[in-house]
Amino acid sequence: MSGAGNVGLLVGAIGRLALAAAAVSAVAGIVFYMMGVRRVERRWTLAGHHAVRALAGLTTIAVAALVYLLMSGDFRYAYVAATTSRSLEPVYKFAALWGGNAGSLLLWLWLLAVAAAAVVRRRRPESERLLPWVGSLLLGVALFFTLLLQFAAPPFQPAPEPMADGLGLNPLLRHPGMLLHPVFLYAGYVGFTIPYAYAMAARLSGGGSDTWVTVTRRWTLLAWLFLSLGILYGARWAYEELGWGGYWAWDPVENAALMPWLLGTAFLHTALVQERKGMLRGWNTGLISATWLMTLFGTFLTRSGVLVSVHAFAEGPLGVVLLAFIGVMTLFSIWAAALRPRLLSGPHRIGSLLSKEASFLLNNLLLTGIAFAVLWGTMLPITSELFTGIRVGVGAPFFTRVNLPLGIVLVLLMGICPLLPWRQGTWGAVGRQMAVPLLTGLLTAGGLLINGVTNSAAVVGLGTAALAAAGLAQEFARGAAARRSMTGEPWPVAMARLCTRNRRRYGGYLVHLAVVLMVVGFTGAVYNQERTFTLKPGRHAAIGDYTLVHRGVWAARAGGRTADGTAARTVVYAGLNVARGDRELGVLWPEKVFYAGNPQPTTEAAILGSLREDLYVVLGGWDEGQEATYQVYLNPLVAWIWIGQYLLLAGTLFAMWPQRAVPAAVRPAGMQVAPFLKFLLLLLLPLMLLVVPVLSSLLPGAVPKAIAAAGTATARTISDTVATGTATARTIPETFSVEIGTDPAVAQLDERVREVARQVRCPLCKNLSAWDSDTIPAREIVADIRARLAAGQSEAAVLRAYEEMYGPWILMAPPRRGAFWIAWLVPLAAMAAGAGVLTRLLCGRARGAAASGAPDPSSGSGIPDPQEAEPIDPVHLDPALETERINSALSDPALEAERIDAALTDLEYEWRMGKISAPAYRRDREEWLRRRADLLERKDISGATDPERGGADGA
């Protein structure tokens, strides 16, 4: 045996031993931490920390061993043979680490171990008592994954028989996006384990009811950022690689990543309320638990095989084991939350329905409602078959119809929430804050209608986005004006210092603005155009403002050689000259790539992008005569999605960046913002006169029904199989032919075929409609639909015929009749129930605050008293627990002092922004200062912030 072969065997053995030692380290660490809790001895806790560090080191060794085997191409190991090949590029050999089941689980374990090591390294005094519980929970999760890698999905398992070459990485994964998308996604999943562990530790230890939120704020932001980037990079990969002209198909695994993102976003908002106001403790504990459990659920969907997905790689009994673990952790989370239920309530109450706290709760209702609708739709095919024996199909039409109204309201709330004050607001003050954003939204919607944009989704979506953007812009402008009036700084300096001294607030506003830009990009989808052309060399066709001229079809071999000497891949590409009017824009080169050993080719779309629209071209087929078929899409505003992605990254990093304390500034007695508002309004109106025509030009009022083309161009279904030894493709009999011309009847039939075919599922790929899929069964369905419609059948009759042939599963959305209405009504009923609970919660708290003698919100007061706690029934509590309950209700004195300082900062910020009146500001400020002085006197806190600091950072 060669030396290189011996090295491979040695490295594999080291990897197996490292994983076994990692399991031992996890068990030992749990024992050490529990001994530290039981005996209250720090030496045991330190030993647990060492076990965490050992786990991180051992998993790093295992990852390095697997990377070495992948890069060296040691096909004696089953995982290496299944995911790499001799001809695979080195960068994709490295990416094969997460290209299969075992490798991705090993990556997950390694990220978790490194995160756990970072947690125990950066210890904070206020969370020291939680660390043994946190470490135990993290090690428990890590132990589960090490056992999976030992028994269910071993990455160092030898292959059954020697192989000269490997199968290679899935061709769909050979894309730059796959170097980022899975890593970011797993980092997001793993990152949410940290706040979850702290939340459970707070319940198990009986303390730290609010400390855990403060300690994990940056962990939560980082996990949310990674998950956001993972989803967006995945959308970018789908857009460029799958060749169907879209970026989100509501695929089950896409949904599995979206659900924890929605719940994590909800948690981020209400965690701020708990951190600043000491409220919503129980809600946040449940929310972070649900978020983390949904990350496990996404892993289950990917690896169980219960749902078909382009992302999934099911293997063996792994899905059953994961499902059992999810069940155990769900029961554990419920038990931990119920262990000390009284500790989940806080002394502070929501004083007004017209407040930032109430808007955060409404925001959470919408986000959790969307998450439930996505979960319901994703699992509906399984649950319907389980309980009724009939498999109901759910696809993009269902998710769009259910979630679109909720999404619009969510964007609207995004524009309103920053304008509301903490604690309480008045209709007059909120109305003044909303005047400019509301006028902006109405002007945008009205301008679009005047300029011929009549699609209701586009008008409402862009109008709402304009309102939200105007509200965010107003917050920046008012804040800079307030600071400028205090300091006399120039506008750019005032704006820069305003943002850098309030990173969390204005970084969050940048993230909101990023989401608004993405909404603009999503809205453009209602005006997508698509056409299919078959052209001979020199012939041309047109779509929108573009003229396309076919140049020819060529083939090339690339990527080295396989073990038997054949080319690793053959690339068939076509040239298409593109012009807009008289201006030549260049040549697009769409490709079909045939990988050795993979009969199904991959699609490389050619995209000509701009801020206005993307011209998206896919090579559909070709023949020996250089005739080629193209699927051409015109997708407006897609670029704004990717712009929003990078703005989201910038805003989140800005919000996470550590902030230095600044000295207090000299403050004037008051400030008049009315002149500035008038200036802003005068500036805004001319801008809207410019923006509306631009939007109208980007979104035309009517999509052209026919496209002129030279000659007689027809669309054909052509085989995508490259003939051996040639650069052409074999032609199979065409399944349908569509005349592309100016005949209105043909154009109308095209639209009807497209509308019906998008409601029928492709029986082969299952998650795309027949129209969007390029498989032969899908093309045959489209041809049959065309024949039925041409024969005079109605759209409803065609859909009913397919339902009778295949069952309800073949439809992309459940029929709206009979028992199928349940599929549509359950999400609406859940939202209605949530709205009822929220209304009762808010109204009940407002009435309770009034009944307990709290100041009337209309008076401008309503300050929560840090000394007040809910009544305690001594019959049900022993003295020790009663003392623990009172201390929990009061929170840590230092944390309560920080909250009072934050309240003073918010108070001055809101006054200077015009959200509360001057009398209310003076009255509330005096009360907050008095209560802080009382707290300092009682608890004798040293080194606290100067109470006269007030709102220095607020402006």
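**Helix 19**

I looked up helix 19 (residues 503–523) to begin with: its 21 residues reach 30 Å from the first C-alpha to the last, close to the 30 Å expected at 1.5 Å a residue. The expected span is taken as 1.5 Å times one less than the number of residues in the helix. Helices are DSSP runs of H or I with at least four residues, strands are runs of E with at least two, and both are numbered from the N terminus. I then checked cover and found helix 19 mostly covered, with 15 of its 21 residues buried. Buried stands for under 20% relative accessible area, exposed for over 50%, and partly exposed for what lies in between (1.4 Å probe, protein chains only).

**Basis of the entries**

I note that this is a predicted model, in which local features need pLDDT of at least 70 and side-chain atom pairs count only at pLDDT 80 or more, while totals for chains, interfaces and linings use all residues. Residues are numbered from 1 along each chain as its sequence is written, and side-chain values use heavy atoms, with hydrogens and water left out.

**Whole chain**

I went through the totals next. The secondary structure comes to 28 helices and 12 strands. Of the 955 residues in the chain, 55% are buried. The accessible surface comes to about 38,700 Å², and 64% of that belongs to carbon and sulfur atoms. Accessible areas come from the Shrake-Rupley method with a 1.4 Å probe, and for residues only the protein chains shown count as cover. For contacts (heavy atoms within 4.5 Å), I took the pairs at least 6 apart in sequence; 74% of these join residues at least 24 apart.

**Helix 10**

I made the span check again on helix 10 (residues 217–241). Its 25 residues should span 36 Å at 1.5 Å a residue, and the end C-alpha atoms are 36 Å apart, which agrees. Helix 10 is mostly covered, with 19 of its 25 residues buried. Just after helix 10, I found Gly 243 with a positive phi of about 70 degrees.

**Thr 464**

I looked up Thr 464 in helix 17 (residues 456–487). Thr 464 counts as buried because its relative accessible area is 10%. A polar atom of its side chain lies 2.7 Å from the backbone oxygen of Val 460. A polar contact is a pair of N or O atoms within 3.5 Å; within protein, one must be able to donate a hydrogen and the other to accept it, and residues adjacent in sequence count only if both atoms are side-chain atoms. Leaving aside neighbours within four places in sequence, I find Thr 464 in contact with Ile 408, Val 411 and Leu 412.

**Salt bridges**

Side chains of opposite charge can pair when their charged atoms come close. I used the rule of a side-chain nitrogen of Lys or Arg within 4 Å of a carboxyl oxygen of Asp or Glu, and the count comes to 14 salt bridges.

I looked at the pair Glu 41 and Arg 43, whose side chains meet at 2.9 Å, N to O. Glu 41 is partly exposed at 27% relative accessible area, and Arg 43 is exposed at 53%.

Arg 497 and Glu 489 meet in a salt bridge at 2.7 Å, N to O. Arg 497 is partly exposed at 38%, whereas Glu 489 is buried at 9%.

I also looked up Glu 530 and Arg 758, with the closest N and O atoms 2.0 Å apart. Glu 530 lies in strand 1 (residues 529–535) and Arg 758 in the loop between helix 22 (744–757) and helix 23 (776–790), so this pair ties together parts 228 residues apart in sequence. Glu 530 is buried at 9%; Arg 758 is partly exposed at 34%. I noted one network as well, in which salt bridges that share partners join Asp 545, Arg 580, Arg 612 and Glu 613.

**C-alpha distances**

I took two pairs. Thr 214, in helix 9 (residues 211–215), is buried at 17%. Val 837, in helix 25 (residues 821–851), is exposed at 57%. The C-alpha atoms of Val 837 and Leu 365 are separated by 9.8 Å, the two residues being 472 apart along the chain.
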